Amino acid sequence: MNDPPGPTKTSVTDAATEDVRPALASRPWLLIWRRRLGEVVSQATALGALIVIGAVLTVLSPHFLTYVNLSELVVDAAVTAIVAVGETLVILTAGIDLSVGSVAALAGVVGAQFMVDLKLPWPVAVLGGVLLGALAGFVNGGLVSWVKLPPFIATLGMMGVARGVTFLVTGAVAVYGVPAGFAVLGLGYAGPIPVPAICLIVVIVIFGVVFMWTKLGRHARAIGSNQEASRLTGVPVGSSLVLVYVLAGVLAGFAGMIAASRVESGQPNFGIGLELDAIAAAVIGGASLFGGQGTVAGAIIGTFLIEEIRDGSVLLNINTYAQDVIIGVVVWVAVAWDYWRRRHITGRARAPVVAEIPQTSSAVTPPVHGGPGPRT
Amino acid sequence: MKRASLRLLAAATVPLLGVAACSTSGSSSTSSSSSSSSSKSLTLAVVPKAIGFDYWTHVEAGAKCAASKLGGVTIDWNGVSAETDVTGQVSLLNGYIDRGVNGLIYAATDIKALLPVTARAQAARIPVYNIDSGTTPQQVPLFATDNLKGAHDVASLMNTYLHGHGNVAIVEFQPGTMTDNQRKQGFVQGLAAYPGLHLVADQADGSDASRALSVTNDILTAHPNLNGIFGSNEPSVIGAAQAVKQRHLSGKIVMVGWDAAPDEIAALRSGEISALIVQNPFRMGFDSVIAMTEHIRKGVSVSNEDTGVYVVTRQNMNQPAYSAILSPSCANPPLPSSDPWLKYVGMS
């Protein structure tokens, strides 16, 4: 950052490289630890905010801390949270997915059409919706990975394409007449637990494993830390990115089906602005838009914070637009905090990945040629 | 092709220039008409607030029905995807002005922001009418529901169903639009006449049924003693009714809705919804297209028109007049015999 990068300083200044190649020095562990600490601190802050706001709402409204309200809150949050987990995975790679709201709407209406027009059993239709989400994600990933479009542009295009197709296939009219059984997905209960909450838990468990213990999770983190370095150390950047976007699409499609079930119809206007909630949730939960940081737990906490504010605002009959103001301010605070902690906890403020590439590649290349990079 | 139609447009609209430019009272008329243009083919752009709701497809059906009865009129139907997308609608309409359509009929997504577009169309000698939602000030003829009156009806229905006392809530869709404001205003004014009815919650859902569902759930949590809900457009009603049903409060809470999407009608039939205020979007599209065509071709004078509302309940929903309004079609159009435009297409 401040000195010209020399071979001796590289291992200290370039945290990204060390993330990918932990065997190169002993100090990287410190840096990785500090980064994880940064994530944990962010999550703890968001969790603290969640609890404090919850306490305030409990005082202000006698209805906040009730089973009915909390189960509603969980159900409301489930759709956004599932999308936010996928969004976080994308953000982990230093990407962004603006298409998740449109893809969720597309999956919802087409899934509903599978049931209404093709008379498919609802679980098959749900699977169809999810696969449609996967397809949209595959296109996103392909555009990012192989056509080399910036993620912002690739997914901005998909945002328009998916919304447009949603209107085209429905003739812009909501799809009504879904079978009664379909309501289970969004409205059902297993004992005292709402089905969407169970869906969310399943997603949390699966993606918790994906983030922490799979090659894909490690690769995503490495790509987000430093794409060029990852490539040089043998990370299959292209296919990993495609898979990441596919998974984000799968989750968007699944969330879209739950949302459709909740209103027992395919609503073409569903999910406008959902991508922004998902991004906000990820960031509030400690994901960094510069990549390399982000966790499932963070996405969940972030989503719940947003939904808690929305829920509380309605309970207190606060003006709708004031709610958006509050959430906007929370996002500012979260991002400002993200920068601050980078400087003071993680050890350095990272420039966007693109800006690092020249420095990194020149500094890193020799060791890579010098010996086989460690498997990641 | 495009150039030819531009010339046609100029020929057809030149005599109307003075009128369009100075009509400020919501009505327009022309002194001399060009009879030579009476059979020229016209392209009219009809732009809803957004595509995506059952409601707007009835406007489309009405407009296309009128075009088929008039002959030589092509309807160019297009809209943005969200009613909140004001800038999107502005650029869509500007596109039509640039392409030189013969007339522009649109539902304003914002009461102020669309004024420059209307002015620009008029400067380009393209006549403009508003349907459903107009602008303030209303400078061109408006074919719309009297939302204030309809919302007054909602308050009086609530009073009837609740026998004069109870707590009510409104789930509105988009504060800041004329229709939303008027429905809320009409409801609040109407409630003022009934001291036993109290408005305890007022929340908006951005025309998203999922949001309406969660907002209504929260309202029901905050007000366990709620007696009535007014959902002021289709997704608001769908979401609110879903929340009521989910909490097994159907029949216990009086639901009065607006519009008549298939699920709203189904819920009316099953008793989850007590009454629906049904507008006549078909007539908005139908009358505005005939009026604009006759205005362009024959210089007929056009002014604001209240297209009326129907209060549809479980009891009356199967009567012929009400079934036409619930499922309008060109074969069975929901047009009262008092409609002044029927005579121009030989239907009176």
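Before the first stop, a word on element names: helices (H or I, at least four residues) and strands (E, at least two) are DSSP runs, numbered from the N terminus. Also keep in mind that this is a predicted model.

Start by selecting Glu264(A). You'll find Glu264(A) in the loop between helix H12 (237-262) and helix H13 (274-284) of chain A. Check its backbone: phi is positive, about 45°, although Glu264(A) is not a glycine. Most residues other than glycine have a negative phi. Is Glu264(A) buried or exposed? Glu264(A) counts as buried, because it has 21 C-beta neighbours inside 10 Å and the cut-off for buried is 20 or more.

Now jump to chain B and pick His163(B), which also isn't a glycine and has a positive phi, about 50°. His163(B) sits in the loop between helix H6 (147-161) and strand S7 (166-172) of chain B. With 9 other C-beta atoms within 10 Å, His163(B) is exposed.

While you're in chain B, go to the loop between strand S5 (128-131) and strand S6 (142-144), where Pro137(B) is found. Most peptide bonds are trans.

Next, show the sheet that S5 and S6 belong to: six strands of chain B form an open sheet in the order S3-S2-S4-S5-S6-S13, with parallel pairing. Strand S3 (73-77) and strand S13 (305-306) of chain B stand at the edges with a single partner strand each, so one side of each has no neighbour in the sheet. Zoom in on S13(B), which pairs with S6(B) in the parallel sense over two bridges. Which residue of S13(B) is the bridge partner of Phe143(B)? That's Glu305(B).

Then move to strand S9 (residues 228-231) of chain B. Gly228(B) and Phe230(B) point one way, Ile229(B) and Gly231(B) the other, and all are buried. S9(B) runs parallel to S7(B), joined to it by four bridges, and pairs in the parallel sense with strand S10 (residues 254-258) of chain B, again over four bridges.

Time for the core. The largest nonpolar core has 202 residues, and those with the most contacts inside it are Ile82(A), Val83(A), Ala104(A), Leu251(A) and Val289(B). H12(A) supplies the largest share, 17 residues. In chain B, domain 1 (2-145 + 281-306) and domain 2 (147-279) both give residues to this core, so it lies between them.

Select Val83(A) and look beyond its neighbours within four places in sequence: its contacts are Val100(A), Ala104(A), Leu251(A), Ala252(A), Ala255(A), Leu274(A) and Ala278(A). From there, colour helix H5 (residues 100-116) of chain A. H5(A) reaches 24 Å from its first C-alpha to its last, close to the 24 Å expected, and 15 of its 17 residues are buried.

Last stop, the interface: 28 residues of chain A are in contact with 31 residues of chain B. On the chain A side, helix H4 (67-92), helix H7 (151-170), H12 and helix H14 (296-315) each supply at least two residues. H4(A) gives the most, with four residues. Colour that side of chain A by residue type and you'll get 14 nonpolar, eight polar and six charged residues.

Methods: Residues numbered from 1 in each chain as written. Chains lettered and ligands numbered in written order. Predicted model: local features only at pLDDT ≥ 70, side-chain atom pairs only at ≥ 80, totals over all residues. Buried ≥ 20, exposed ≤ 12 C-beta atoms within 10 Å, placed from the backbone. Contact = placed C-beta atoms within 7 Å. Nonpolar A, V, L, I, M, F, W, Y, C, P; charged D, E, K, R; others polar. Core = buried A, V, L, I, M, F, W, Y, C linked by C-beta atoms within 7 Å. Domains from an automatic or database assignment. Expected span 1.5 Å × (residues − 1). Pairing = 2+ DSSP bridges.
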